[in-house]
Amino acid sequence: MGIIALSSRQKRIAEIVRLEGPITGESIAEHLHVTRAALRSDLAILVMGGILDARPKVGYFYTGKNTLGMLMEEISGIKVADLQSVPVAIASSKTAYEAVVTMFLEDVGSVMVIDDKGLLAGVVSRKDLLKAAINNNDLRTIPVVMVMTPLSKMIVIEANDSVAAAARKLIDNEIDCLPVVKAVDDGKRSFELIGRLTKTNCTRLLVDLAEGKGGNYHK
């Protein structure tokens with residue numbers, strides 16, 4: 001059975017049972033000010049998901065998963081492909097100034113650089129461009145490849161990897177964005193750029209899960 005994205009009410013039911021179980025369905029309904037019938041499907045989902053169990057003449061009791069554990073289960077079932085954004089990229093033949101323009105027009109903190117074969121060559125960030133400007137370089141004439149972080153030093157993620165793994169890479173490497181790539185079988189470390197995953201994407205996911213919208217990511 002796949003990961004179940006719980007609604008806000010289902011999470012509240014689980015918490016009530018954790019605190020007061022064993023407890024009857026009627027008592028749970030009283031807590032939520034609804035009818036027992038209105039909770040039938042919610043209780044069935046919680047039991048099928050292994051979060052609650054039920055015994056005749058006893059009621060519902062908690063199986064040991066806390067709210068944080070349920071949240072982690074939901075996150076672990078979400079792939080990068082479910083969350084990634086459209087990549088913002090420029091050709092390696094462009095200048096640093098053109099990278100600045102692209103960055104502001106697209107309202108992003110970094111821009112990917114693509115070589116003449118359409119493969120990922122590097123990434124240029126606001127910090128890279130600021131360093132170039134401080135060193136009195138003319139951004140209109142300096143090639144973007146002279147200021148970018150090359151592929152050899154980049155951290156990447158693949159679409160089928162988990163969002164949890166991607167978030168760990170963002171935190172451990174203290175970066176704001178990960179290129180989402182597809183490996184190219186050419187005997188080298190070559191990648192096709194297919195997306196980007198940012199700290200903003202991850203934050204939006206946490207807000208959606210907190211609001212019970214996790215099902216949007218399990219399609």
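## About the model

Because the model is predicted, local features are described at a pLDDT of at least 70 and side-chain atom pairs count only at pLDDT 80 or more, while totals for chains, interfaces and linings use all residues. Residues are numbered from 1 along each chain as its sequence is written, and side-chain values use heavy atoms, with hydrogens and water left out.

## The protein as a whole

The secondary structure comes to 8 helices and 9 strands, where helices (H or I, at least four residues) and strands (E, at least two) are DSSP runs numbered from the N terminus. Of the 219 residues in the protein, 38% are buried; here buried means under 20% relative accessible area, exposed means over 50%, and partly exposed lies in between, with a 1.4 Å probe and protein chains only.

The protein exposes about 12400 Å², and carbon and sulfur atoms supply 53% of this area, which was computed by the Shrake-Rupley method with a 1.4 Å probe. Among contacts (heavy atoms within 4.5 Å) with a separation of 6 or more, residues 24 or more positions apart account for 56%.

## Helix α1 and its two partners

Two packed helices are described by the angle between their axes and the distance between the axes. The axes are lines fitted to C-alpha atoms, for helices over the stretch in contact, and the angles run from 0 to 180 degrees between N-to-C directions. Helix α1 (residues 8-20) packs against helix α2 (residues 25-32) at an angle of about 120°, with the axes 11 Å apart, and that makes α1 oblique to α2; angles under 35 degrees count as roughly parallel, over 145 as roughly antiparallel, 65 to 115 as roughly perpendicular and the rest as oblique. On the α1 side the contact is made by Arg-9, Arg-12, Ile-13, Ile-16, Val-17 and Glu-20, and on the α2 side by Ile-28, His-31 and Leu-32. By class, the contact of α1 with α2 has 5 nonpolar, 1 polar and 3 charged residues, where Ala, Val, Leu, Ile, Met, Phe, Trp, Tyr, Cys and Pro count as nonpolar, Asp, Glu, Lys and Arg as charged, and the others, Gly among them, as polar.

Helix α1 also meets helix α3 (residues 40-48), where the axes come within 10 Å and cross at roughly 70°, which makes α1 roughly perpendicular to α3. This crossing of α1 and α3 is right-handed, and the contact is made by Arg-9, Gln-10, Ile-13 and Ala-14 of α1 together with Asp-42, Leu-43, Ile-45 and Leu-46 of α3. The residues of the contact of α1 with α3 divide into 5 nonpolar, 1 polar and 2 charged.

Thr-102 is found in helix α5 (residues 96-106) and is buried, with a relative accessible area of 18%; not counting residues up to four places away in sequence, Thr-102 touches Val-88, Ile-90 and Val-111. Asp-128, in helix α6 (residues 126-134), counts as buried at 14% relative accessibility. Leaving aside neighbours within four places in sequence, Asp-128 is in contact with Val-123, Val-147, Met-148 and Thr-149, and the C-alpha atoms of Asp-128 and Met-148, which are 20 residues apart along the chain, are separated by 6.5 Å.

Val-156 lies in the loop between β6 (149-150) and β7 (157-158), and is buried, with a relative accessible area of 11%. Not counting residues up to four places away in sequence, Val-156 touches Leu-120, Lys-169, Leu-178, Pro-179, Val-181, Arg-189 and Phe-191. The C-alpha atoms of Val-156 and Lys-169, 13 residues apart along the chain, are separated by 8.6 Å.

Most residues other than glycine have a negative phi, and most peptide bonds are trans. A cis peptide bond, with omega about 0°, joins Gly-21 and Pro-22, and Pro-22 lies in the loop between α1 and α2.

His-33, in the loop between α2 and α3, has a positive phi of about 60° although it is not a glycine, and is exposed, with a relative accessible area of 72%. Glu-174, in the loop between α7 (163-172) and β8 (177-184), has a positive phi near 50° and counts as exposed at 70% relative accessibility.

Note on methods:
Left-handed = near helix turned anticlockwise from the far one by under 90°.
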